[in-house]
Amino acid sequence: MTSAEGKTTAGSSELNPRTTQYEFLGPPGALAICIGTPVVMYAMYFGCSEEYGGCSPPVDWAAVAGALTSWRWWRGLWDTQAASLYLAYYGFVVVSWYLLPGKFVQGLPMRNGQVKTYKVNAFASMLLLFGIVAGVLWRHGPQPFTIIYEKWVELLTASTLMSFALALGCYLASFRDGALLALGGNSGNFIYDFFIGRELNPSIGSLDLKSFNELRPGLMLWALVDIAMACTQAVRRGGHITDSMWLVVLFQCWYVADALYNESAVFTTMDITSDGFGFMLALAITIEPFLYSLQARYLVFNPIELGPVYTAMILAVNLLGYYIFRAANGEKNDFRNGRNPKNLQYLTTESGRKLLTSGWWGRSRHPNYMGDLLMALAWSLPTGFNTPLTYFYVIYFTILLVHRQQRDDEACRQKYGKDWEKYKSIVPWRILPYLY
Ligand SMILES: NC(=O)C1=CN([C@@H]2O[C@H](COP(=O)(O)OP(=O)(O)OC[C@H]3O[C@@H](n4cnc5c(N)ncnc54)[C@H](OP(=O)(O)O)[C@@H]3O)[C@@H](O)[C@H]2O)C=CC1
Ligand SMILES: CC(C)=CCC[C@@H](C)[C@H]1CC=C2C3=C(CC[C@@]21C)[C@@]1(C)CC[C@H](O)C(C)(C)[C@@H]1CC3
């Protein structure tokens, strides 16, 4: 953490104090991530696509350079049909949130004493989308879905612009009277606050923009993109889909379905309770479908048959990861909702809040990250070892989770003081027992 220099009292109040500590190396770091993330996403396309010579070295850099120095660089990124398709998709996700029935669930109390109510129907939205996909497949076969593969970069542009528009809109709206700001996003520096998110929970009517965008448009499109990649492979191979493609699509669709089914669990994560909604989280709608699906896109032009032995081994890695991820998240969720069915041991802190010290949370301080990382590995293994690029997700995710663990550790240190040090002495490992 670095200190936010040059703070003034303008823009601060008792409820919305000025942010005095920077994360992500302050404004230069925030600017680097704002520019760097879209650059990386385009680079993962230009550096790993059949149009530009595949993914394994040598990439056809001459073709990439040719594209970048010609008119195609600008014109090729934008396509009105792709942007309209993207908008129609986003509109569908909003309308399905509005129209489909759902439970109403309360979030944790905010520091102004208010409690937000969320409509929980993300899983129903996903089922509706999958129902429409099944209907199209039934009537027209896989062909209509190949447009997602063909217009990949144009759809990426549309989604990136949507992320930017959402973040900018929320940043500007946060200056209205009465907005509750995020404690970490009110530094007074435009770049930093735009990136971290100035307002804690921006909403339009009863639609909470942060939880909506963290979960629905990005995750559902990720599943749809994966299905479209399998359809593209099927069209090219006379209806045949490789076992590697089946694995990637099933694993990732399962992960998405699990997240949407357990929608209410996200209301207690730090993104929802503490972070604002800025460009960082708005990028979720782009990163999830266009970066996390790289393996499926790669398998379209590098079809790989794994055979039963490798298929079974990779399946086992994913199942183990999923078991740890779900069991750990389940234990914490139960505990935070006042249940302790396994009679796990815990430490009572001075604040009255309790911390689990046995079960998964006694093995490491973020056992759920361990499960998530194992799954990430299982999603890359079906692509073989011809290119390191399909392992990008595992590497990016490790960096993201290690940084997240450090942020959470600092937040818990501030929340629990010396009790957190005591917890750390009981549970010394951060993510991977005996390693980290
Ligand atoms: N696919 C992706 O791109 C990403 C996935 N994720 C996943 O999201 C999920 C949620 O992650 P995240 O919100 O970062 O963190 P966690 O689910 O690990 O939650 C951290 C919080 O849990 C509470 N806690 C910590 N230790 C204990 C304990 N011993 N007993 C009880 N409560 C404890 C603390 O909050 P308090 O005490 O206030 O309750 C702490 O702030 C994870 O499964 C992660 O893998 C995350 C980022 C990206
Ligand atoms: C630096 C930068 C640009 C960061 C963007 C990070 C985001 C993409 C991730 C931050 C936390 C996330 C979570 C999920 C997806 C990725 C982002 C948005 C998540 C929705 C994936 C599905 C899981 O089951 C989850 C619900 C636990 C998870 C929540 C956190």
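Predicted model: local features only at pLDDT ≥ 70, side-chain atom pairs only at ≥ 80, totals over all residues.
Local features need pLDDT of at least 70 and side-chain atom pairs count only at pLDDT 80 or more, while totals for chains, interfaces and linings use all residues. Residues are numbered from 1 along each chain as its sequence is written, and chains are lettered from A and ligands numbered from 1 in the order in which they are written.

**View 1. The surroundings of ligand 1.** Ligand 1 is surrounded by 21 residues (C-beta atom, placed from the backbone, within 6 Å). The closest are Thr 269, Leu 356, Trp 361, Asn 368 and Asp 372. At least two shell residues each come from helix H15 (307-336), strand E8 (354-356), helix H17 (367-380) and helix H18 (392-416); helices (H or I, at least four residues) and strands (E, at least two) are DSSP runs, numbered from the N terminus.

**View 2. The crossing of H10 and H17.** The axes of helix H10 (residues 243-261) and H17 come within 9 Å and cross at roughly 150°. Axes are lines fitted to C-alpha atoms, for helices over the stretch in contact, and angles run from 0 to 180 degrees between N-to-C directions. H10 and H17 are therefore roughly antiparallel (angles over 145 degrees). Val 248, Phe 251, Gln 252 and Tyr 255 of H10 meet Met 375, Ala 378 and Trp 379 of H17, contact being C-beta atoms, placed from the backbone, within 7 Å.

**View 3. The crossing of H4 and H9.** Helix H4 (residues 80-99) and helix H9 (residues 209-236) have axes that come within 10 Å and cross at roughly 125°. The contact involves Tyr 89, Tyr 90, Val 93 and Trp 97 of H4, with Phe 212, Arg 216, Pro 217, Met 220 and Leu 221 of H9.

Note on methods
Parallel < 35°, antiparallel > 145°, perpendicular 65-115°, else oblique. Contact = placed C-beta atoms within 7 Å.
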